[in-house]
Amino acid sequence: MARYYDVHPENPQPRIIGQVADLIRGGGLVAYPTDSCYALGIQLGNQDGLNRIRQIRHLDDRHHFTLVCRDFAQLGQFVQISNAVFRLVKASTPGSYTFILPATREVPRRMLHPRKRTVGVRVPRHTVTQALLAELAEPLVSSTLVLPGDDEPMTQGWEIKERLDHQVDAVLDAGDCGKEPTTVIDLSGSEPEILRRGAGDMSRFE
């Protein structure tokens, strides 16, 4: 059964954040809130965790996993950013955007798109997510929590606990969060390409 943590959305309890971070470091898979709905998260390099996320969401090997980073500086360790792209990404973080960019060697090969060698990256605004990232001192490997057959991402911690009780190790519930997933923008080519329209202003990428 998944552990259930009720955390304050604006002043997350350090003890709870520490327990969830320890669980992630120990190979755990957690459902956690972001500023754009809930996500599934694991530690970077957790191969079993990647397989578990793929099984839960029925994903193939072309799915772009996302590195959820604490800040722009951390993001820059894991993706290659040209000068033009630098300005676009810098102006849009933190925020409800996921950027697809060429990965550096810091990113495990199994996370990469098999042909493009790209990975998703984002910097969220959510207070609880930021507290967890600060405690971990490394990115979370994440995927939006949309279950097979569902049209929308999951947004209620108690419902996630009910539906995924035997598939995740913990649910971090901070109350309501956004229902709209991030806008996904591929910046790996010569021009920005919007792959998914979601939260966030898209005008600067069009």
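Predicted model: local features only at pLDDT ≥ 70, side-chain atom pairs only at ≥ 80, totals over all residues.

User: Why is Cys37 called buried?

Analyst: Buried means a relative accessible area under 20%, and Cys37 has 1%, so Cys37 is buried.

User: Why does Cys69 count as buried?

Analyst: The relative accessibility of Cys69 is 0%, which is under the 20% cut-off, and therefore Cys69 counts as buried.

User: How do you know that Cys69 is in no disulfide?

Analyst: A disulfide needs two cysteine sulfur atoms within 2.5 Å, whereas the cysteine sulfur nearest to that of Cys69 belongs to Cys37 and is 17 Å away, so Cys69 is in no disulfide. The search of the whole structure likewise finds zero disulfides.

User: How much space lies in the largest pocket, and which residues are closest to its centre?

Analyst: The largest pocket holds about 330 Å³ of space. Its lining is made up of 23 residues, and those closest to the centre are His64, Thr66, Thr144, Val184 and Arg196. Among the elements that give two or more residues to this lining are strand 3 (38-43), strand 4 (66-68) and strand 10 (193-196), while strand 7 supplies the largest share, three residues.

User: What makes up the lining of the largest pocket by class?

Analyst: The lining of the largest pocket comprises eleven polar, nine nonpolar and three charged residues.

User: Where does UniProt place the feature "domain: YrdC-like"?

Analyst: The unreviewed UniProt entry places that feature at residues 14-200; in the model this span is 28% helix and 22% strand, and its end C-alpha atoms lie 30 Å apart.

Conventions:
Residues numbered from 1 in each chain as written. Heavy atoms only, no water. 1 Å grid on protein atoms, 1.4 Å probe; cavity = no way out; pocket = protein on both sides within 12 Å on 5 of 7 lines; lining within 4 Å. Points joined across faces, edges and corners; volume = space filled by probe spheres on them. Helix = DSSP H or I, 4+ residues; strand = E, 2+ residues; numbered from the N terminus. Nonpolar A, V, L, I, M, F, W, Y, C, P; charged D, E, K, R; others polar. UniProt positions renumbered as here; feature names shortened; annotations may be inferred. Buried < 20%, exposed > 50% of the residue type's maximum accessible area, 1.4 Å probe, protein only.
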